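Dear colleague,

I am passing on to you the structure we talked about, with my notes on it below. Please read them with the coordinates open beside you.

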Amino acid sequence: MPASPDEMREHSLQAPLIVIFIEEGGGDWHARRLRQAMEKRGARVVTAALCACAFDTSLASGIDIPGLNGALPDGVFVRAISKGSLEAITLRLGILHALSASAVRVWNEARVIERCVDKSTATFLFQKAGLPVPETRTAEGREMALDYARERLPLVSKPLFGSQGNGVRKADALEELPEEDDVGGVYYLQRYLRAPDQGVFSDWRVFVSGGRIVGSMARQGAHWITNIHQGAQPTATNLDEDGRALALAAARAVGADYAGVDLIRDPDGHLVLLEINSNPAWKGLQSICHIDIADFLAEDFLDAVAASMAEKVTVRR
Ligand SMILES: Nc1ncnc2c1ncn2[C@@H]1O[C@H](COP(=O)(O)OP(=O)(O)OP(=O)(O)O)[C@@H](O)[C@H]1O
Ligand SMILES: [Mg+2]
């Protein structure tokens with residue numbers, strides 16, 4: 001039975017209680033701008049680090065978020081998970097799963113983060129959705145890597161949980177493949193997609209939120225790894241319709257609410273999907289685009305939270 005007008009009015013008057021999960025040790029530029037944008041829209045915002053949260057059976061909710069005294073928020077914006085052991089990451093993702101299971105609107109949900117942080121799963125989901133991806137093989141053991149690489153050099157190897165271009169390497173010879181310890185025994189091997197004589201290298205970062213393109217930039221540099229963190233320069237670019245459609249399809253393929261999608265042109269000129277980031281930074285993009293990205297994100301996120309709050313009211317009746 002739908003909620004009565006009074007109930008709807010009562011719930012819409014409630015300022016949503018929002019948690020932004022930030023890096024351990026304090027919020028960054030992104031978290032500050034998000035907070036301002038959400039508070040401007042009337043939300044009550046608490047920031048906390050996931051590593052400071054706990055499961056606790058003495059609480060009715062079972063979940064302890066610092067500053068909430070055992071209460072549950074209406075929405076959670078995941079800005080950072082923070083580095084940690086396999087046990088620590090498992091606990092933090094477990095808390096995000098539990099928040100979703102408690103009807104809290106989580107942006108991005110744990111299952112989306114799991115799909116994106118693991119490059120092999122993201123590449124698989126792109127392929128399954130019929131999206132163009134570079135030739136890629138992911139498996140365990142150096143023997144397998146050597147077998148696969150023999151006929152396919154040059155190859156790019158990437159850490160499964162990489163970011164900012166760290167640990168991304170090109171192997172022009174078999175001995176240049178990383179040692180097992182360098183990659184946790186797992187090899188993510190991909191066809192090298194740059195033309196041999198290429199001088200300037202570029203790829204695209206497309207920022208998606210709520211099923212729309214927020215903005216996009218080309219990243220150009222003298223080195224083939226064109227992450228901003230590796231020294232590439234962001235330049236404003238109007239991605240063509242194909243590129244925009246591909247980025248939106250990539251976000252849908254992993255179920256992301258917001259994401260940073262990386263596209264690259266292969267030597268035949270075709271746009272292919274490199275990867276997708278579920279906690280993308282946007283400082284580089286903000287420096288070259290006019291709209292306020294935090295504002296855009298806050299609007300989409302709070303709309304999703306309002307929708308889930310309305311749904312809870314309806315369900316309760
Ligand atoms: N197969 C490839 N061929 C050529 N260049 C590549 C290839 N894969 C990646 N690169 C270059 O290396 C960069 C980093 O690769 P990728 O985006 O996959 O890893 P990352 O470290 O996770 O980056 P992010 O910080 O975006 O998460 C890309 O932006 C691109 O410039
Ligand atoms: Mg990338």
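In the loop between which helix and which strand is the place of alanine 103? The loop in question runs between helix H3 (86–101) and E6. Please keep in mind throughout that this is a predicted model.

I begin with the backbone. Alanine 103 is not a glycine, yet its phi is positive, at about 65°, and with a relative accessibility of 38% the residue counts as partly exposed. Asparagine 69, also not a glycine, has a positive phi of about 45°; this residue sits in the loop between strand E4 (63–64) and strand E5 (75–78). As background to both cases, most residues other than glycine have a negative phi, and most peptide bonds are trans. Asparagine 69 is exposed, because its relative accessible area is 77% and the cut-off for that class is over 50%.

The bond that joins leucine 153 and proline 154 is cis, with omega at about -5°; here proline 154 belongs to the loop between helix H6 (142–150) and E8.

Next comes ligand 1. Around this ligand there are 25 residues, of which Lys119, Gln164, Asp203, Thr226 and Glu275 come nearest. Sorted by class, the shell consists of eight nonpolar, eight polar and nine charged residues. At least two shell residues are supplied by each of strand E8 (155–158), strand E10 (186–191), strand E11 (201–209), strand E14 (258–265) and strand E15 (271–277), and it is E15 that gives the largest share, three residues. In terms of domains, domain 2 (115–132 + 196–278) and domain 3 (136–191) each contribute at least three residues to the shell.

A backbone N or O atom of glycine 165 is 2.6 Å from an oxygen atom of ligand 1, while a polar side-chain atom of glutamine 190 is 3.0 Å from one of the ligand's nitrogen atoms. In glutamate 275, a side-chain N or O atom lies 2.5 Å from an oxygen atom of ligand 1. Taken alone, ligand 1 exposes 600 Å², and 98% of that is buried by the protein.

Glutamate 275 leads on to the metal. Which protein donors does the magnesium ion (ligand 2) have? They are Asp262 (OD) and Glu275 (OE), which lie 1.9 to 2.0 Å from the ion. This pair links distant parts of the chain, since aspartate 262 belongs to strand E14 and glutamate 275 to strand E15, with 13 residues separating them. Aspartate 262 has a relative accessible area of 3% and is therefore buried; glutamate 275, at 12% relative accessibility, also counts as buried, because the cut-off for that class is under 20%.

Between those two strands, in the loop from E14 to E15, you will find aspartate 266, which at 11% relative accessibility counts as buried. The C-alpha atoms of aspartate 266 and aspartate 203 are 10 Å apart in space, although the two residues are 63 residues apart in sequence.

One last site lies in another part of the chain. Methionine 38 is a residue of helix H2 (residues 29–40), and with a relative accessible area of 0% this methionine is buried. Its C-alpha atom is separated by 9.7 Å from that of proline 16, a residue 22 positions away along the chain.

With best wishes

Conventions:
Residues are numbered from 1 along each chain as its sequence is written. Chains are lettered from A and ligands numbered from 1 in the order in which they are written. This is a predicted model: local features need pLDDT of at least 70, side-chain atom pairs count only at pLDDT 80 or more; totals for chains, interfaces and linings use all residues. Side-chain values use heavy atoms; hydrogens and water are left out. A residue is near a molecule or strand if one of its heavy atoms lies within 4 Å of it. A polar contact is a pair of N or O atoms within 3.5 Å; within protein, one must be able to donate a hydrogen and the other to accept it, and residues adjacent in sequence count only if both atoms are side-chain atoms. Accessible areas come from the Shrake-Rupley method with a 1.4 Å probe; for residues, only the protein chains shown count as cover. Helices (H or I, at least four residues) and strands (E, at least two) are DSSP runs, numbered from the N terminus. Ala, Val, Leu, Ile, Met, Phe, Trp, Tyr, Cys and Pro count as nonpolar, Asp, Glu, Lys and Arg as charged, and the others, Gly among them, as polar. Domain bounds come from an automatic or database domain assignment. Donors are N, O and S atoms within 2.8 Å of the metal (3.2 Å for Na, K and Ca); water is not among the atoms, so sites may look incomplete. Buried means under 20% relative accessible area, exposed over 50%, partly exposed in between (1.4 Å probe, protein chains only).
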